[in-house]
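Subject: A structure for you to look through

Hi there,

Here is the structure I promised to pass on. Please open it beside this email, and then read on for what turned up in it.

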Amino acid sequence: MKNKIIELLQKGQDMSLSNIQLALNVKNKPAVSYHLRGLLDKGIVQKTENKTYKLTEVAGLAAEKMESIIIPCITAKAGPSDNVISESVTEIEMDSTKIPYKPNNLVIVKVSGTSMMPTFKDGDLLLFRKSQDRPRNNEIVLWRVDDGAKIKRIKWAIDDTGEPYGLLLSDNIQDEENKPIKITDDNSSFIGIFVSKINE
């Protein structure tokens, strides 16, 4: 969508958010606003005193060369209290030159909850790489357990019979509700490993 916005503004006319949304025939105004913020942060677009948007004079060539990829985004729990979470999938556009992984192997996760504080806070956007390899001890993982995806830190252990098992741990150990979650093949499945935090 960023490139389509750039193409509109390259015609030389300042446009409001509503006009850009109308020209792109996009129903979701927050999505247009999100991509405009990304262009503002990169210095490609400027906001005028009249609350319209225009391309910066030096940004056109650089903007045309920008490569982007679309990555699915879900919401995952970093907290113990909710039994059901929303996993409706939205999409986020990112600069492909900054990501050394295939887009199909990536998922963006919006943190819901506080059990991973101070590492992550509620609302943070995190990039995870899907994997079938067993994660290493203490890695931050995205794991599906019963009621939905959870963001936790993995710890491997062995029970009294010698059988290995995993524990999903919270970083916010001051909250007594954040108890370890024992994972088994019956109640859970591994999704991916944490790659980086995304700055909006």
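Let's start with lysine 152, which lies in strand E8. Strands here are DSSP runs (E, at least two residues; helices are H or I, at least four), numbered from the N terminus. Before going further, please note that this is a predicted model, where local features need pLDDT of at least 70 and side-chain atom pairs count only at pLDDT 80 or more, while totals for chains, interfaces and linings use all residues. Residues are numbered from 1 along each chain as its sequence is written, and side-chain values use heavy atoms, with hydrogens and water left out.

A salt bridge is a side-chain nitrogen of Lys or Arg within 4 Å of a carboxyl oxygen of Asp or Glu.

What does the side chain of lysine 152 make polar contacts with? One partner is the side chain of serine 115, at 2.9 Å, and another is the side chain of serine 170, at 2.8 Å. A polar contact is a pair of N or O atoms within 3.5 Å; within protein, one must be able to donate a hydrogen and the other to accept it, and residues adjacent in sequence count only if both atoms are side-chain atoms.

Now for the salt bridges: the count comes to four. In one of them, aspartate 124 meets lysine 197 at 3.2 Å, N to O. This pair links distant parts of the chain, 73 residues apart, with aspartate 124 in the loop between E5 and E6 and lysine 197 in strand E11. Aspartate 124 counts as buried because its relative accessibility is 6%, whereas lysine 197, at 38%, is partly exposed.

Aspartate 171 comes back here, as it forms a salt bridge with arginine 153, the closest N and O atoms being 2.7 Å apart. Aspartate 171 sits in the loop between strand E9 (164-169) and strand E10 (181-183), and arginine 153 is in strand E8, 18 residues apart. Both aspartate 171 and arginine 153 are buried. Salt bridges that share partners also join Lys121, Asp124 and Lys197 into one network.

On to the rings, where there are four aromatic pairs. Rings of Phe, Tyr and Trp (its six-membered ring) pair if their centres lie within 6.5 Å; planes under 30 degrees apart count as stacked, over 60 as edge-to-face and the rest as tilted. Phenylalanine 120 and phenylalanine 194 form a tilted pair, 5.1 Å centre to centre with 55° between the planes. Phenylalanine 120 is buried at 3% relative accessibility, while phenylalanine 194 is partly exposed at 24%. Ring pairs link Phe120, Phe128 and Phe194 into a cluster.

Finally, two rings have a charge over the face: arginine 134 lies over tryptophan 156, at 3.8 Å from the ring centre, and lysine 182 lies over tyrosine 165, at 4.5 Å. The rule is that NZ of Lys or CZ of Arg is within 6 Å of the ring centre and within 35 degrees of the ring normal.

Happy exploring!

Note on methods
Buried < 20%, exposed > 50% of the residue type's maximum accessible area, 1.4 Å probe, protein only.
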